[in-house]
Protein chains: 4
Amino acid sequence: MKKNKPKYNQIIEAAVEVIAENGYHASQVAKIAGKAGVADGTIYLYFKNKEDILVSVFEEKMGQFIEKIANAIRDKNNAVEKLYTLIEMHFRQLSEDHHLAVVTQLELRQSDKELRLKINHALKPYLAVIDDIIKEGIEEKVFRDNLNIPLVRQMIFGTMDEIVTNWVMKEQKYDLTSQTPDAHAFITDGLSLKMS
Amino acid sequence: MKKNKPKYNQIIEAAVEVIAENGYHASQVAKIAGKAGVADGTIYLYFKNKEDILVSVFEEKMGQFIEKIANAIRDKNNAVEKLYTLIEMHFRQLSEDHHLAVVTQLELRQSDKELRLKINHALKPYLAVIDDIIKEGIEEKVFRDNLNIPLVRQMIFGTMDEIVTNWVMKEQKYDLTSQTPDAHAFITDGLSLKMS
Amino acid sequence: MKKNKPKYNQIIEAAVEVIAENGYHASQVAKIAGKAGVADGTIYLYFKNKEDILVSVFEEKMGQFIEKIANAIRDKNNAVEKLYTLIEMHFRQLSEDHHLAVVTQLELRQSDKELRLKINHALKPYLAVIDDIIKEGIEEKVFRDNLNIPLVRQMIFGTMDEIVTNWVMKEQKYDLTSQTPDAHAFITDGLSLKMS
Amino acid sequence: MKKNKPKYNQIIEAAVEVIAENGYHASQVAKIAGKAGVADGTIYLYFKNKEDILVSVFEEKMGQFIEKIANAIRDKNNAVEKLYTLIEMHFRQLSEDHHLAVVTQLELRQSDKELRLKINHALKPYLAVIDDIIKEGIEEKVFRDNLNIPLVRQMIFGTMDEIVTNWVMKEQKYDLTSQTPDAHAFITDGLSLKMS
DNA sequence: AATGAATGAGGTTTCATTCAT
DNA sequence: AATGAATGAAACCTCATTCAT
């Protein structure tokens, strides 16, 4: 978050709203400028081009997203609890900001390959947080020690991501956060019946 | 599959190739017509509009995709084996058709919300197959009976989808099919260390 | 001149008129299309981009310009007469097509360096015609044999060009063709008083 | 030259450099301000608008250009020598200031009709100097007395101008000043072989 | 059934100029 | 006198779709 750059943040917030309301391809720079209350040209004092707005939107929002999750996890005592908190915070944050959920789950994915790569890059720190939890769980001997970490991380992220996308596509008609226990159970224990 | 409509299939196949080679946004109708060996106008004798081509591509390919998986599953004896086969076939089919993998995992996702909904609709039969396996596993008492089936199905699909997408984005540098055991283990048993 | 391409020629002629009437920088593609009676997009079926229109205008017009001069010169018997005819035809052709004169003398010179180089390239055949006359005059021993041909050609072209440009800038208020004898006299004899 | 206006001259010099280095169309006011070491807005304390900068550049430089030629000519005894000196000085001054040569011969000509008229106006005093030499030559009876003075002046200027432009376009690969004798010979004697 | 020439709407970005400080 | 952040108009080109042949 660039401090003391009110216009920068105005534009970022306006971009999220405009994309959520109009869809990715109907999000003209003029519309963003209008909602941000600045002239079209002013956009280009703060962003290199339209793509730069979109990447910045993702970076800013993702930065805040990760920071909140990292904070919430910090005082948890073990990997299982941390994982639970991560899932819950992931769901809750998107649940509380419908605009952001639409933008990250649907609209920003319509961007082309180059932009997608930049967006994926902004996702790296989040994936690292997941990796750390997996490693901690292995050390604590609550997770198996033969886990393929990158693959497991993909599966955890894929699981949460698909749940959120379905929720967004169903127009957020049900409560997302309450899916946390089931999602957590699936990730830790899978589908299997526990043997006694 | 429309039978006895050779041009229809020519256009579908051309569309997959053009999208895989050029990317979604660089796939003009004229390019598809060119590769299919027909005039631009001819496209509109077989498809309502460009979106109709893309939806049809997905429907045709998804139909074949599901049929093969359904066939392979039919003679498996229990839910665990069926699930294993489903995952393996999912990975293998995309592994063997790189064009299709690029198109389904990356390019078609760049379409707008409306088209995405239609594509999701074509996915329904596949999701039903997954649902059936889950139900069967519950009946066989190898899966827990308190599973939220739609949620679990999303998680299974999300897990596989994310693995495939990562593989495509890493330019298919490693073997996808060999990820099957780990993916299957994650889905059935989660991360937890099994107690003896 | 591309034959049997009526739209091609319509666009070329429209471009000359639009540039002459509005000036180089106010010559939008839309204006040219409008005057040519075609849709904006049609322009791009015949020309790669706007620059291509402008280069083509110059090439087409210069081709006709040179051809007429070459024809007129062919049956002249000596270098002095040929030079006289070249000057007269140069002046007359621009005199008879005011639009073309404005475009070549004023408007097209506002183009950037790259376009200027392409335009200069189209001028080469004309400069070769001048060179040939100079060489012929030397062989006929009516011109000095120590002439620096490229330099002399520049001087001849520069002389004519400056006269035409001045005439265009003075809004063609006087007769250009009647400057031929004086221009010819200057080029052949310079300023000096002939000694007896 | 506005005396005691250091910023005025800074801006003029910066403009010449920026235009020579970047070309006419890439010479934004901001770039000129940057090179001059002043704020964008400061430009408008000294110049009415961008066109005014360019006209002033030409006027300032042309004033110095003419003054030097006028000084050099003053102590020559006859028209032929004065003409020789004028040509030599014309070539030498542009030869010694490549930036200025590029700006006057190529870049400033890309301006629109209105600006070109103002630039031509600044050229008037120079053309008057040429006129005076022609008149003096006629009086001295070394030039013909039936010369059309404005036309002859255009031809002399056009000759020199075309030579300089060619030299600039050939990227100044050869020596310009040494073209003086040939240019002078062409102007005084034309192409004709002298009769004895 | 097939063609392909023609259409025309729509948006990102630059940059000269202003004016509050 | 000097600053520099903010303004906002303006145009090239692409490409899905049509329709006369």
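The model is predicted. Two copies of a chain are related by a rotation about an axis and a shift along it. The first group of points applies this idea to two pairs of chains.

**How the copies are related**

- Chain B is superposed on chain A by a rotation of 178° with 0.1 Å of shift along its axis, and the RMSD is 0.3 Å. This is the relation of a two-fold axis.
- Both of these copies use the same surface, since 98% of the contact residues of chain B recur in chain A.
- For the other pair, a rotation of 178° with 0.2 Å of shift along its axis brings chain C onto chain D, with an RMSD of 0.3 Å. The C-alpha of Gln110(C) is the one in chain C nearest the axis, at 1.7 Å from it.

**Where chain C meets chain D**

- The size of an interface is often given as the accessible area lost when the parts come together. Between chain C and chain D the buried area is about 4,200 Å², and carbon and sulfur atoms give 58% of this area.
- Chain C brings 45 residues to the contact, and chain D brings 46 residues.
- The copies meet through the same surface, because 100% of the interface residues of chain C are also interface residues in chain D.
- On the side of chain C that touches chain D, at least two residues come from each of α6 (98-107), α7 (113-139), α8 (149-169) and α9 (180-189) of chain C. The largest share, twelve residues, is supplied by α8(C).
- Sorted by class, this side of chain C has 20 nonpolar, 14 polar and eleven charged residues.

- Chain A and chain D do not touch, and their nearest C-alpha atoms are 14 Å apart.
- Chain B and chain D are likewise not joined by any contact, as their closest C-alpha atoms lie 31 Å apart.

**Around DNA strand E**

- DNA strand E is surrounded by 26 residues, of which the closest are Gln28(A), Lys7(B), Thr42(B), Thr42(C) and Tyr46(C).
- Of the atoms of DNA strand E that come within 4 Å of the protein, 72% belong to sugar and phosphate.
- In chain A, an N or O atom in the side chain of Gln28(A) is 2.6 Å from a phosphate oxygen of DNA strand E.
- In chain B, a polar side-chain atom of Tyr46(B) lies 2.7 Å from a phosphate oxygen of DNA strand E.
- Helix α3 (40-46) of chain A, of chain B and of chain C each supplies at least two residues of the surface near DNA strand E.
- This surface has twelve nonpolar, nine polar and five charged residues.

**Salt bridges**

- Side chains of opposite charge can pair when their charged atoms come close. Over all chains, the structure holds 37 salt bridges.
- One salt bridge joins the side chains of Arg109(B) and Asp161(B), at 2.8 Å from N to O.
- This pair links distant parts of the chain, 52 residues apart. Arg109(B) is in the loop between α6 (98-107) and α7 (113-139) of chain B, whereas Asp161(B) is in helix α8 (residues 149-169) of chain B.

Notes. Residues numbered from 1 in each chain as written. Chains lettered and ligands numbered in written order. Predicted model: local features only at pLDDT ≥ 70, side-chain atom pairs only at ≥ 80, totals over all residues. Heavy atoms only, no water. Least-squares fit on C-alpha atoms with pLDDT ≥ 70 in both. Contact = heavy atoms within 4.5 Å. Buried area = accessible area lost by both parts, 1.4 Å probe. Helix = DSSP H or I, 4+ residues; strand = E, 2+ residues; numbered from the N terminus. Nonpolar A, V, L, I, M, F, W, Y, C, P; charged D, E, K, R; others polar. Near = heavy atom within 4 Å. Polar contact = N/O pair within 3.5 Å; in protein donor to acceptor, adjacent residues only side chain to side chain. Salt bridge = Lys/Arg side-chain N within 4 Å of Asp/Glu carboxyl O.
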